[in-house]
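Please consult the sequence and structure shown below.

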Amino acid sequence: MGIPWDDGVVIQQGKDANEPCIVTVNCPDKAGLGCDLCRIILEFGLRITRADISTDGRWCYIVYWVLPHPASVKVDWESLKTRLLSACPSCLFSYCFNQLSTSPSPPPIYLLKVWCVDKKGLLHDINEILCNLELIIQRVKAMPTPDGRVLEMLFITEGMELLHTKKRQDHVSEFLRNALGKRGISRELQLGGPEYGNLQGFFFLPPAFAEELFSFELLDKVSLHPLSQDMKTLKTPTVTVDNSLSPVHTLLQIQCVDQKGLCYDIMRISKDSDIKVAFGRFSSSVEGFRNIDLFVQQNDGKKIIDLDSQKTLCSCLKEEMLHPLRVIIVSRGPDTELLVANPVELSGKGRPRVFYDVTLALKALGICIFSAEVVRHSTQERQWEVYRFLLEENRNFPLTRSQTRSQIVDKVRRTLMGW
């Protein structure tokens with residue numbers, strides 16, 4: 001017996017575009033559920049403005065207040081409800097969904113060829129369309145022609161695993177045709193060959209670049225592109241541990257600057273650290289800052305008493321809130337490459353909408369992307385997802401100048417953080 005669909009996830013629309021929608025999840029609990037729900041909400045382009053969490057370890061009741069970010073994002077609320085229900089355990093729907101969509105092998109790769117009239121920001125526009133279709137870009141290569149046209153070759157995956165059906169393929173083609181309008185010339189979608197079966201391969205970086213992207217303690221004094229002073233000052237978080245208020249829970253009190261994906265980052269760290277959140281409140285932003293109170297336990301049901309464990313958890317939370325994503329620009333021979341890295345969950349999932357935000361930032365700067373891909377990199381501590389963007393030279397933004405590179409990195413960081 002599963003919980004009723006309508007009771008498991010309830011979405012209450014706001015009265016206007018400025019009022020948050022309220023998402024209520026009422027279902028059996030499981031380890032890491034809060035992280036999984038926050039990840040899905042972030043994947044749909046929503047920002048959690050406030051949250052309340054309550055669980056006794058068997059049943060949970062969670063309320064999220066969410067807003068599209070940016071406001072122009074179009075949200076398919078029914079699809080969001082379906083995805084959230086699929087994450088709820090002991091739910092008949094979740095079982096059926098996972099039977100259909102979950103397999104031990106990675107999702108199949110499809111090749112989407114889009115022939116368009118070229119313009120700045122085209123890749124972001126296509127990516128936005130694919131996000132609305134719940135399709136994920138794994139690799140893309142642009143092939144421009146002298147007559148102002150371009151062939152975008154996009155290797156994509158889909159969590160729903162319905163892209164093999166003619167109905168889904170026709171829907172994707174028609175959606176692209178309508179969204180691109182006169183810019184679109186033709187579209188072709190096909191299953192990628194066996195040579196594309198594992199696009200998210202691993203890649204090697206020179207030690208200096210690897211230290212910049214993957215160091216657990218990223219020191220700005222040795223950074224190629226340190227945080228600007230205003231970001232460094234505002235983003236300094238505080239984390240305190242209190243074991244005096246509850247006989248069975250440790251209280252974590254966090255104060256930090258508000259940023260996109262904040263709830264997801266905190267719940268991801270809790271999940272990967274085997275920390276159970278029994279009660280939590282993510283307060284609304286006040287002058288750009290958030291206060292978060294979390295009553296937590298270790299996986300064995302005990303408080304966090306060990307001082308070294310407390311220090312490790314606090315250090316990890318601070319570092320992840322200060323640098324949830326790493327951004328640098330490097331030279332590889334004559335080419336200029338933008339690298340964006342984010343930690344991968346222990347479950348193997350990467351961070352949602354990174355591709356969307358990076359292409360949005362580059363579009364705003366008028367910088368074109370020649371090619372892009374998503375790869376993985378492993379360190380002793382964890383696995384990372386790395387987005388590689390090969391940038392085209394721009395007369396207004398000469399990529400060889402350090403000032404230009406710092407400007408690009410700063411813009412990408414701010415867009416990723418929702419600033």
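How are H2 and H3 oriented to each other: roughly parallel or roughly antiparallel? The model is predicted. In it, H2 and helix H3 (residues 77-87) pack at an angle of about 160°; angles over 145 degrees count as roughly antiparallel, and H2 and H3 are therefore roughly antiparallel to each other.

**H2 with H3**

- The axes of H2 and H3 lie 10 Å apart, and the crossing of the two helices is right-handed.
- On the H2 side, the contact is made by Leu33, Leu37, Ile40, Ile41 and Glu43, and on the H3 side by Leu80, Arg83, Leu84 and Ala87.
- Seven nonpolar and two charged residues, with no polar ones, form the contact of H2 with H3.

**H5 with H11**

- Helix H5 (residues 122-132) packs against H11 at an angle of about 150°, with the axes 9 Å apart.
- H5 and H11 are therefore roughly antiparallel to each other, and their crossing is left-handed.
- Leu123, His124, Asp125, Asn127, Glu128 and Cys131 of H5 meet Phe355, Tyr356, Thr359, Leu360 and Lys363 of H11.
- The contact of H5 with H11 comprises five nonpolar, three polar and three charged residues.

**H11 with H12**

- Helix H11 (residues 354-365) also packs with helix H12 (residues 402-417), at an angle of about 135° and with an axis separation of 9 Å.
- H11 and H12 are therefore oblique to each other, with a right-handed crossing.
- H11 contributes Val354, Asp357, Val358, Leu360, Ala361, Leu362, Ala364 and Leu365, which meet Gln407, Ile408, Lys411, Val412, Thr415 and Leu416 in H12.
- By class, 10 nonpolar, two polar and two charged residues make up the contact of H11 with H12.
- Leu360 of H11 takes part in the contact with H12 and also meets H5.

**Second largest pocket**

- The second largest pocket holds about 430 Å³ of space.
- Its lining consists of 24 residues, and those nearest the centre of the pocket are Asp29, Lys30, Ala31, Lys276 and Val277.
- Two or more lining residues come from each of helix H2 (33-43), strand E3 (46-55), strand E4 (59-68), helix H9 (262-272) and strand E11 (275-282).
- E11 gives the most to this lining, with four residues.
- The lining divides into 10 nonpolar, eight polar and six charged residues.

Definitions and conventions. Residues are numbered from 1 along each chain as its sequence is written. This is a predicted model: local features need pLDDT of at least 70, side-chain atom pairs count only at pLDDT 80 or more; totals for chains, interfaces and linings use all residues. Side-chain values use heavy atoms; hydrogens and water are left out. On a 1 Å grid over the protein atoms alone, a cavity is a set of points where a 1.4 Å probe fits but cannot get out, and a pocket is an open set with protein on both sides within 12 Å along at least five of seven lines; lining residues have an atom within 4 Å of a point. Grid points are joined across faces, edges and corners, and a volume is the space filled by probe spheres set on the points. Ala, Val, Leu, Ile, Met, Phe, Trp, Tyr, Cys and Pro count as nonpolar, Asp, Glu, Lys and Arg as charged, and the others, Gly among them, as polar. Axes are lines fitted to C-alpha atoms, for helices over the stretch in contact, and angles run from 0 to 180 degrees between N-to-C directions. Angles under 35 degrees count as roughly parallel, over 145 as roughly antiparallel, 65 to 115 as roughly perpendicular and the rest as oblique. A crossing is left-handed if the near helix is turned anticlockwise from the far one by less than a right angle, and right-handed if clockwise. Contact means heavy atoms within 4.5 Å.
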